[in-house]
Amino acid sequence: MQLRMRRISLAVIAMLCVAASLPAMAGAAGSQTTISADLEITKLTADVGEIIISIDPGDTDLTRVELVFPDQMGSDSIKGRDVEVSVDGADVTVAESALEIDFLDGLAGADTIEVVVANLETPSPGEYQLTGSSFDGTTSTALAPVTLAVPSPNFAQDAVLWIEDQPFLHLFFSPVIIAEALPVLWKGFQVAVFILFFGYMLAMPGGLAMSFMKMAKTRLVRWPATFYIDVVRGTPLLVQILLVYFGITFLPGYKNFIDALGPFASWSWHSVDATQYYRIIIALALNSSAYMAEIFRAGIQSIHKGQLEAARSLGMTVPQSMAFVVIPQTVRRILPTMMSEFILLFKDTSLAFSVGVFELTLQARTVQARTFNMSPYIAAAGFYLLLTLPLGRFVANLEERLAVAETGHGPQKKKRTGNRLWSRKPVKESA
Amino acid sequence: MTQAMVRIENLHKYFGKLEVLRGVDLEITKGEVVVILGPSGSGKSTMLRCVNRLEEATGGKIFIEDDEITDPKTDINKIRERVGMVFQQFNLFPHLTAKGNVMLAQQKVLKRTRDEADRIACEKLDAVGLSDKEDSYPIQLSGGQQQRVAMARALAMDPHVMLFDEVTSALDPELVREVLDVMKKLAADGMTMMVVTHEMGFARDVADRVIFMDEGVIEEQGTPEEVFDHPKSDRTKDFLGHIK
């Protein structure tokens with residue numbers, strides 16, 4: 001009986017103890033400093049991550065926090081410069097695998113403090129404990145540990161790791177280098193499109209004027225245009241770019257002209273200066289206008305002479321006949337060719353790399369030179385295709401539709417003959 | 001005295017060294033229908049084209065209602081408003097509808113308003129029997145229909161004289177009739193017409209005067225009966241004999 005009583009009393013005492021400790025624990029939850037943490041993988045290869053730690057100071061007058069990272073997280077990799085604290089005046093000290101943060105100016109009333117540790121080596125997949133302690137000026141309290149989960153690499157990350165391990169493939173298709181190059185390549189792409197757009201716009205009126213000059217009856221007008229077109233079409237664009245891009249600066253009065261332009265000559269966009277843009281755009285436009293002149297001339301001359309005669313016989317003047325009868329028909333006829341010229345000019349913008357204009361190709365080359373890896377070029381090619389492939393498809397469709405509009409039926413479908421290289425059938429010569 | 005609509009005086013035309021017209025004299029009065037016959041290369045089309053200066057005359061003078069069109073000072077665009085021309089190859093504007101074809105020059109040359117040009121276009125297309133085709137594009141029309149649109153287009157300019165340059169030569173035989181019918185109606189309405197054609201039946205029925213040209217000169221002219229039934233010149237007899 002006595003024994004039983006003692007047992008009961010022990011149980012009661014134990015219960016009382018638990019009951020007594022309850023309010024104390026509840027108070028501690030409201031006042032003590034707590035942390036929570038999140039691990040994020042920041043690299044394609046899953047070997048580098050970033051830990052975001054939220055510190056809730058509770059009711060304590062927090063003056064200092066010490067965070068201890070798991071040993072496997074490579075204490076060497078924690079660098080002071082990679083640590084960011086959301087409260088001003090926080091002093092960060094990195095010691096071994098521990099991080100000491102002193103709040104010299106207090107918390108400034110912040111509810112939570114965020115600490116971001118970037119460029120952290122991630123250990124092999126598994127769960128790790130982040131521990132630490134808080135200090136309120138008088139006492140040091142251990143923090144409740146937080147579990148950090150390092151996930152296993154997913155399929156994509158495995159694939160990336162696999163490619164990066166290949167001796168040959170990674171030199172051309174390195175996802176890490178492509179991902180790194182993408183932002184600058186995107187800039188270069190925008191620069192290339194900018195040059196293309198204005199070069200093309202400038203070339204059109206020039207080409208139109210020259211096509212009329214070349215069709216003129218007077219030799220004095222016709223010959224300069226013919227000479228220009230022949231010279232431009234007969235020399236490499238690269239030579240023309242070098243000549244024009246640098247040659248412009250030697251023109252008398254160039255300096256004064258640029259000074260006179262003032263703000264129009266002093267802006268820059270995506271690491272390319274205004275005068276660089278102007279010079280490369282002029283160089284490309286001068287080249288393209290010669291090709292366009294021939295496109296316009298062929299287009300205008302392909303319109304049957306009877307069209308002009310019919311318009312003239314109705315009393316329309318030559319400019320009227322041109323504007324309302326010949327040119328509208330010409331536009332429809334040359335539209336596909338003009339779009340092909342657009343595509344060609346876009347590809348030609350890559351030659352601007354030779355004079356140091358940071359367009360797509362030069363951006364790719366810069367990353368390539370730094371990494372000794374061909375992947376940036378592959379990515380740049382992808383950027384070029386981004387525009388040329390859909391446009392090319394569009395031109396092909398347009399050609400077919402215009403042919404239907406003009407003749408009532410589309411172009412004859414080419415019959416596939418067995419003369420493809422990989423055909424197993426013997427080659428048949430069509431009669 | 002009836003007024004001369006077209007007067008050609010000693011017209012000469014060279015293409016390089018080739019003399020295509022060797023002194024043509026011709027006077028056409030108002031309301032007269034003149035059909036010009038002749039073998040290929042006889043200069044009949046060239047003469048017609050000289051009348052609205054699609055070809056520049058090398059020598060001689062051409063008057064349209066007392067205005068000398070061969071004078072370089074003449075505003076040829078003003079003269080052309082009075083001379084309508086229909087071509088062998090139709091020469092419709094393929095990027096415009098039938099109505100668009102008829103409206104364009106009205107708006108640009110005669111400065112008619114859009115509504116007015118539209119109304120007249122509908123009227124003229126109706127006159128050539130194509131009121132249901134006004135929104136069709138030339139490619140959607142048969143040759144005969146295209147040629148009738150071309151006529152409506154010329155007529156919409158209210159010409160004083162109409163030139164027809166082998167307008168049925170490019171047509172399938174069964175389509176010739178519809179085009180000739182329009183021309184007959186036009187002749188009956190009193191239009192002054194110069195017609196180069198190989199349609200002898202049309203010449204006999206409609207022409208007030210038939211002109212036979214050969215080697216750049218007018219070989220013979222007269223009423224259809226005179227030229228067809230009692231030709232005087234041996235060349236005329238020979239030509240008519242070949243095509244009969």
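This is a predicted model: local features need pLDDT of at least 70, side-chain atom pairs count only at pLDDT 80 or more; totals for chains, interfaces and linings use all residues.
**The interface of chain B and chain A**

- Chain B contributes 22 residues to the contact, and chain A contributes 23 residues.
- Together the two chains bury about 1900 Å², and carbon and sulfur atoms account for 60% of that area.
- There is 1 salt bridge between chain B and chain A. Its partners are Glu309(A) and Arg49(B), whose closest N and O atoms are 2.4 Å apart.
- On the side of chain B that touches chain A, the elements giving two or more residues are α2 (76-80), β6 (83-86), α3 and α5. The largest share, 3 residues, comes from α3(B).

**Asn77(B), a residue facing chain A**

- Asn77(B) sits in helix α2 of chain B.
- Its side chain makes a polar contact with the side chain of Arg312(A), at 3.0 Å.
- Apart from residues up to four places away in sequence, Asn77(B) touches Arg312(A), Gly315(A), Met316(A) and Thr317(A).
- Asn77(B) counts as buried because its relative accessibility is 15%, under the 20% cut-off.

**Helix α3 of chain B**

- Helix α3 of chain B (residues 98-108) has 9 of its 11 residues buried, so the rest of the structure largely encloses it.
- The buried residues of α3(B) are Ala98(B), Lys99(B), Gly100(B), Asn101(B), Val102(B), Met103(B), Leu104(B), Ala105(B) and Gln106(B).
- Where does the cover for the buried residues of α3(B) come from? It includes α10 (318-348) of chain A, along with α4 (114-127) and α5 (143-155) of chain B.

**Chain B as a whole**

- Chain B has 9 helices and 10 strands.
- Of its 244 residues, 58% count as buried.
- Among the contacts in chain B with a separation of 6 or more, 65% join residues 24 or more positions apart.
- The chain exposes about 10500 Å², with 46% of it supplied by carbon and sulfur atoms.

**Backbone angles to look at in chain B**

- Arg53(B), a residue other than glycine, has a positive phi near 60 degrees. Arg53(B) lies in the loop between α1 (44-51) and β4 (59-64) of chain B.
- Phe90(B), also a residue other than glycine, has a positive phi near 65 degrees. Its place is the loop between β6 and α3 of chain B, and at 10% relative accessibility Phe90(B) is buried.

**Salt bridges**

- Side chains of opposite charge can pair when their charged atoms come close.
- Over all chains, the whole structure holds 29 salt bridges.
- Asp102(A) and Arg64(A) form one of these pairs, at 3.4 Å from N to O. The pair links distant parts of the chain, with Asp102(A) in strand β6 (residues 98-103) and Arg64(A) in strand β3 (residues 64-68), 38 residues apart. Asp102(A) is buried at 16% relative accessibility, while Arg64(A) is partly exposed at 25%.
- Arg53(B) pairs with Glu56(B), the closest N and O atoms being 3.5 Å apart. Arg53(B) is buried at 15% relative accessibility, whereas Glu56(B) is partly exposed at 47%.
- In chain B, Lys78(B) and Glu81(B) meet in a salt bridge at 3.4 Å, N to O. Lys78(B) is partly exposed at 49% relative accessibility, and Glu81(B) is buried at 16%.
- Back in chain A, salt bridges with shared partners join Arg64(A), Glu66(A), Glu100(A) and Asp102(A) into one network.

- Is Phe346(A) buried or exposed? With a relative accessibility of 0%, Phe346(A) counts as buried.
- Phe346(A) belongs to helix α10 of chain A. Leaving aside neighbours within four places in sequence, Phe346(A) contacts Phe189(A), Ala192(A), Val193(A), Leu196(A), Tyr384(A), Leu387(A) and Thr388(A).
- The C-alpha atoms of Phe346(A) and Val193(A) are 7.1 Å apart, although 153 residues separate the two along the chain.
- Phe250(A) is exposed, at 71% relative accessible area, and is found in helix α6 (residues 237-250) of chain A.
- Leu238(A), Leu242(A), Phe246(A) and Phe250(A) make a nonpolar surface patch of about 410 Å².

Methods: Residues are numbered from 1 along each chain as its sequence is written. Chains are lettered from A and ligands numbered from 1 in the order in which they are written. Side-chain values use heavy atoms; hydrogens and water are left out. Patches are made of residues with over 30% relative accessible area and no salt bridge: like charges are joined within 9 Å, nonpolar side chains (Val, Leu, Ile, Met, Phe, Trp, Tyr) within 5 Å. Accessible areas come from the Shrake-Rupley method with a 1.4 Å probe; for residues, only the protein chains shown count as cover. A salt bridge is a side-chain nitrogen of Lys or Arg within 4 Å of a carboxyl oxygen of Asp or Glu. Helices (H or I, at least four residues) and strands (E, at least two) are DSSP runs, numbered from the N terminus. Buried means under 20% relative accessible area, exposed over 50%, partly exposed in between (1.4 Å probe, protein chains only). Contact means heavy atoms within 4.5 Å. Buried area is the accessible area (1.4 Å probe) that two parts lose on being put together, summed over both. A polar contact is a pair of N or O atoms within 3.5 Å; within protein, one must be able to donate a hydrogen and the other to accept it, and residues adjacent in sequence count only if both atoms are side-chain atoms.
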